[in-house]
Amino acid sequence: MMYLKSVVLLFLLVCTVNFQEANSKPAAKKEDSPAASAEAPAGAEGAAGAKKGGAAGTFNIEDFGVVADGKTDNAPGFLKAWKAACDATGSPTIVIAKGDYLLGPVVFEGPCKGDHITIQLDGTLLGSTNLASYKSNWLQFQHIDGLTITGTGTVDGQGAKTWPENKCKSGGACKVFPMSMVFAFIKGLTVRGITSLNSKYFHINVFSSENVELSKLTITAPEDSPNTDGIHIGDDTNVTIADTTIGTGDDCISVGPGTSKVLITGVKCGPGHGISIGSLGRYANEKDVSDITVKGCTLTKTTNGLRIKTYQSNPTPLEVSKIHYEDITMDHVTYPIIIDQQYCPNGKCGGTAESTVKVVDITYQGIKGTSADANTVVLRCSAKNPCEQIDVSGINVKPPGGPANITCVNTKLGTADASIKSACSEN
């Protein structure tokens, strides 16, 4: 599954670089982009007819030829509304009233003239199910300073109609599927209150952005839906994910390379694969991950709880450090606490050499609840670069009958409960 992700993210990188070269824009940091494909989709030329400039105000999408019938592709009208708001000064607002709006792929491009753009989303956006119409993602926002999306509306990727085309789990061809919402190169991003439903691939991907708040979201897809990660962040700084409910077929939240200063709090995760840092070490020149705090979260019937995963045979050393987990409740989670430095999805990791990703200064405090089997703590670190300063204290996760099984390999503990110290001293 992670192999599929890596292939897709690399594909989207190529799209981004090609677009930037074609439009003579600086490509700073784009070489690391996992998501920010900016190739303009069909219909982008419709924005050219929007009114130019003007003071800040309210822009209703109905005034731009948009039809809420759930059948008409409204991409041209949405682009016109965006163009009008982007050309306005001050702090304009785009209003999407209640109704069903079908949309093909759209790129909302900055920079804009105003200080901040707000999108008031109270309707339902329906993603086109015509996969041939997508060059990359569905709704993509990029190169914007100041963006808020808020409301009671829904972003419905209609993934259920396209998931059967994804043959990866059965060993068939892995097609590239569009992510529902991509935010790339944004300074000052808030997404609050909306629902993301049944994405074709990732629900939300935030890349190379700073000062980000994702809060009070509901993100939903079936447990068996392929690659429907809830929120992925990468190469970002100053990110808060709060008071959000996520249940998907993959990671509820995944933290990619180059990310720092993140707070994840009040998240309800499940079903899914848990809250993950990584995978790390898949590509050359990945950047360090640091200063991540996860606290006050609940994980229910997920395959993993709190996971750090790094590839074997990684091409370039990097470090993951200053990770703090606190006050986490587990409810029948298969692997509540896991560090896996032998990560090798589908047996495709480029070799069997020990990982050179350094895992240091990791704290688990006040982790409680129940596990789905005996494996409550798994610390499987690298022989070449052992984990250090791993603090594991106040752990009260009970397996369903019998003693807990604690795995500790190549791990140098700091503060730890007696049972964990004993397991680590034997390895």
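Tutor: The buried ones are Ala 75, Gly 77, Phe 78, Leu 79, Ala 81, Trp 82, Ala 84, Ala 85, Cys 86 and Asp 87. You can check the length too: at 1.5 Å a residue, helix 2 (residues 75–87) should span 18 Å, and its end C-alpha atoms are 18 Å apart, which agrees.

Bear in mind that this is a predicted model. The protein chain averages a pLDDT of 88, and 84% of the residues score at least 70. Over residues 1–53, though, pLDDT stays under 50, even though the model has 124 contacts beyond four places in sequence for them.

Now for some strands. Strand 18 (residues 260–265) pairs in the parallel sense with strand 15 (residues 237–242) over 5 bridges, and Val 239 stands opposite Val 262 there. Strand 18 also pairs with strand 21 (residues 289–295), again in the parallel sense and over 5 bridges. In that pairing, Thr 265 stands opposite Lys 295.

One last stop is His 273, which the unreviewed UniProt entry annotates as "active site". You'll find His 273 in the loop between strand 19 (268–269) and strand 20 (275–280). His 273 counts as buried because its relative accessible area is 18%, under the 20% cut-off. Its side chain reaches the backbone oxygen of Gly 249 at 3.5 Å.

Terms used: Residues numbered from 1 in each chain as written. Predicted model: local features only at pLDDT ≥ 70, side-chain atom pairs only at ≥ 80, totals over all residues. Heavy atoms only, no water. pLDDT = per-residue confidence, 0-100. Contact = heavy atoms within 4.5 Å. Helix = DSSP H or I, 4+ residues; strand = E, 2+ residues; numbered from the N terminus. Expected span 1.5 Å × (residues − 1). Buried < 20%, exposed > 50% of the residue type's maximum accessible area, 1.4 Å probe, protein only. Pairing = 2+ DSSP bridges. UniProt positions renumbered as here; feature names shortened; annotations may be inferred. Polar contact = N/O pair within 3.5 Å; in protein donor to acceptor, adjacent residues only side chain to side chain.
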